[in-house]
2 protein chains.
Amino acid sequence: MATIYDVARSAGVSPKTVSRVLNGDGPVGQRTRDKVETAMAKLGYVPSNAARAMRSNRSGLVGLITGAISSTPSNVELSGLPELFIVQGIQRAIEPLNMTLMISDTGGRLDRVPQLMRTFSEHRVEGLIYVADYHKKVDLPDTPGIGKVVIANGYDDRGTPCVLPHDEKGQYALVSEAIAKGHRRIGYLTLANALDATRLRTVGYARALADAGIAYDSSLVIEADMAEPDPEVETQLLWDAIDRILGLEDPPTLLCMGNDRMAMRAYGILRSRGLNLPGDISIAGYDNYRTLAETLYPPLTTVELPYAAMGVRAARLLMSLIREEGQKPSEPQLVSGPVCWRDSVTPLVDPKSNVTPLGRKTT
Amino acid sequence: MATIYDVARSAGVSPKTVSRVLNGDGPVGQRTRDKVETAMAKLGYVPSNAARAMRSNRSGLVGLITGAISSTPSNVELSGLPELFIVQGIQRAIEPLNMTLMISDTGGRLDRVPQLMRTFSEHRVEGLIYVADYHKKVDLPDTPGIGKVVIANGYDDRGTPCVLPHDEKGQYALVSEAIAKGHRRIGYLTLANALDATRLRTVGYARALADAGIAYDSSLVIEADMAEPDPEVETQLLWDAIDRILGLEDPPTLLCMGNDRMAMRAYGILRSRGLNLPGDISIAGYDNYRTLAETLYPPLTTVELPYAAMGVRAARLLMSLIREEGQKPSEPQLVSGPVCWRDSVTPLVDPKSNVTPLGRKTT
DNA sequence: CGATGTCATGACACCGATGTCACAAGGCGA
DNA sequence: TCGCCTTGTGACATCGGTGTCATGACATCG
């Protein structure tokens, strides 16, 4: 591979002049510039980042670790997708800044993290982004020789800068808009209570009801998922929860589910009970996991978890940390996503009239 | 950050001796070694890959491009997942070899590829893997200064080494096993005919029938998807195809779908027509897209597309190319995945007796 | 017209590792 | 005892860029 010396010789100038053409620092005469550019093209010259990094102490690299934060390797294959969108967002944000992403997916094996960190350190990454697989607290190992760190989709208790989804706002928006469309009895089958997302979204749910002057009815809110994923048990849990909530004296016209996968399960369960969707009951999810939400029949109303946007924000945050040296630990940055209305939630045209509590399908 | 000179000074030896301790070349006295290791630990020394790469001309980097091959940016958000698994497989395979993965996701914008290639070239990657989003022919831009290239999940017409899913074998296995379980009338609602996967899988389907002595009935094979994804049109297409196939004089007991998403749609459509799953009709998918297949109710029988394994194979192939310089273009490597049996396909207990063509649910 | 400033360019050192070669000390066979 | 090999170590050059400083050719200004 051609070097700057080859180019210099071929163009009949000094290496430093070639460097000036490359970087645009210092003045270069037009004729000289042309000669150099011709020579570079002829030789197919590409400057070496290694040499450049050595002199300037700037590698142009950003490290990224995903999958490391999962304490349970079991669910790695089931998640994954959100991380991908976050990564895409990060990439979009750093590419214009001429940074390159160095990615390691640990496959859930926390013990490999130190090794990865060392490799990143050897490559002299200028910053590091941890991507958690869902909104949660993480515990980062100490980072020897790695400067700036940002957590995406997670947080820790040391005040490491982080970017989080605005779960409360998302659920609030969904429920508020559903109320505006006439729903009054709104069930909420939540993810595991242990999750931060569940706590925050339940707050949003309750606040939306309160703002509309609707009393909070605790029999409408049921934990219907668990932390450890096991398809069979999860289905059973959901089945029971649906049993319970449909058996209420005044059953809901809309069921909000903890995520789109739960909603997908609910489709199967509700139909197995002979209900029509969304004619007999409306369903909403959370995540806007489009492969599910758009493909389900009918398409699923859901709240978008703004993964790509979070990636962008995380990358920008990291870049600002890299640039301005002495940065104090910032507050978590909350990113919210829109509600995606699709056919699975049907408007109740006139909620004040004494129609049946079952919604009517609008064509 | 400490350098090898700092370590040398702190240990009272020459830099070269530190280098020997690091790399284990040349003899080093035990006492000297201890001194050096103590100094390295004290200073938190991490060798610089840039300096190392410069001297040795080996960067330890492998480039990876995904999303580049999609000519349609529209469907980028819908795919994605398979690529992630391929990437995970690649990572698993190269990490033990002390290589680091440098990833760029183009987000479907082909025009950015040359820029990415240049960046990889500047970092002096030792090889490059293209990951296509589904089994198809791709057209790689010329690769200036980038040596070895492997395509994963795609192929080109220049004989670039590549790794492909064994679609024919997968569909053959699924249909063969379904026949063994008593199914005789097996419908096949395929992906777009233009896809390589469709052609190959249809061959597998036909061969399985032939091997069992069952005549191929072309009215059972219907193209029910299209290349350009549009959720609404796709649902319509599938609805029509199901209409047609269920209206046959001797309707199928099992529907094989082009992929798991189609199968998910079929669940909704079949149930909207009042059918029980899998009591009235069995369904099988393709991909083993676990988020869908395991979450659907009932869980979906499907063929695994061995993405992770393909990633591993692609990485190993690339490594062998990097090691042995003069490698001739190899044949495409076919990777096959297992059939995943779940409850959506019900055995027909005694296909020879004159029971109803509708399967009975086994508990 | 000489002092000063700007433009265009090159010589040289340096970033942090490692390959090459040299060399001293000690062991061993002739 | 001498020559030779092995072991342990260091001096020095080198990889491919860039920062610093010097230099020569002109243009400008008082």
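User: Where do I start with helices and strands?

Analyst: Helices (H or I, at least four residues) and strands (E, at least two) are DSSP runs, numbered from the N terminus. This is a predicted model, in which local features need pLDDT of at least 70 and side-chain atom pairs count only at pLDDT 80 or more, while totals for chains, interfaces and linings use all residues. Residues are numbered from 1 along each chain as its sequence is written, chains are lettered from A and ligands numbered from 1 in the order in which they are written, and side-chain values use heavy atoms, with hydrogens and water left out.

User: What is the strand order in the open sheet of chain A?

Analyst: Strands of a sheet pair through backbone hydrogen bonds, either parallel or antiparallel. Pairing here requires at least two DSSP bridges between two strands. The open sheet has 4 strands in the order β7-β6-β8-β9 (chain A), and the pairing is parallel. From one strand to the next, the twist averages 20°.

User: How many bridges join β6 and β8 of chain A?

Analyst: Strand β6 (residues 186-190) and strand β8 (residues 254-257) of chain A share 4 bridges in the parallel sense. In one of them, A:Gly187 has A:Leu255 in β8(A) as its bridge partner.

User: Which strands does helix α10 of chain A lie across?

Analyst: Contact means heavy atoms within 4.5 Å. Axes are lines fitted to C-alpha atoms, for helices over the stretch in contact, and angles run from 0 to 180 degrees between N-to-C directions. Helix α10 (residues 260-272) of chain A lies across β6, β8 and β9 of chain A, at about 160° to β9(A).

User: How do I read two packed helices?

Analyst: Two packed helices are described by the angle between their axes and the distance between the axes. Take chain B. Helix α1 (residues 4-11) and helix α2 (residues 15-23) of chain B have axes that come within 8 Å and cross at roughly 105°. So α1(B) is roughly perpendicular to α2(B) (65 to 115 degrees; under 35 is roughly parallel, over 145 roughly antiparallel, the rest oblique). Residues that meet include B:Ile4 and B:Tyr5 in α1(B), with B:Pro15 and B:Val18 among those in α2(B).

User: Is A:Thr17 buried or exposed?

Analyst: Buried means under 20% relative accessible area, exposed over 50%, partly exposed in between (1.4 Å probe, protein chains only). A:Thr17 has 15% relative accessibility, so A:Thr17 counts as buried. A:Thr17 lies in helix α2 (residues 15-23) of chain A.
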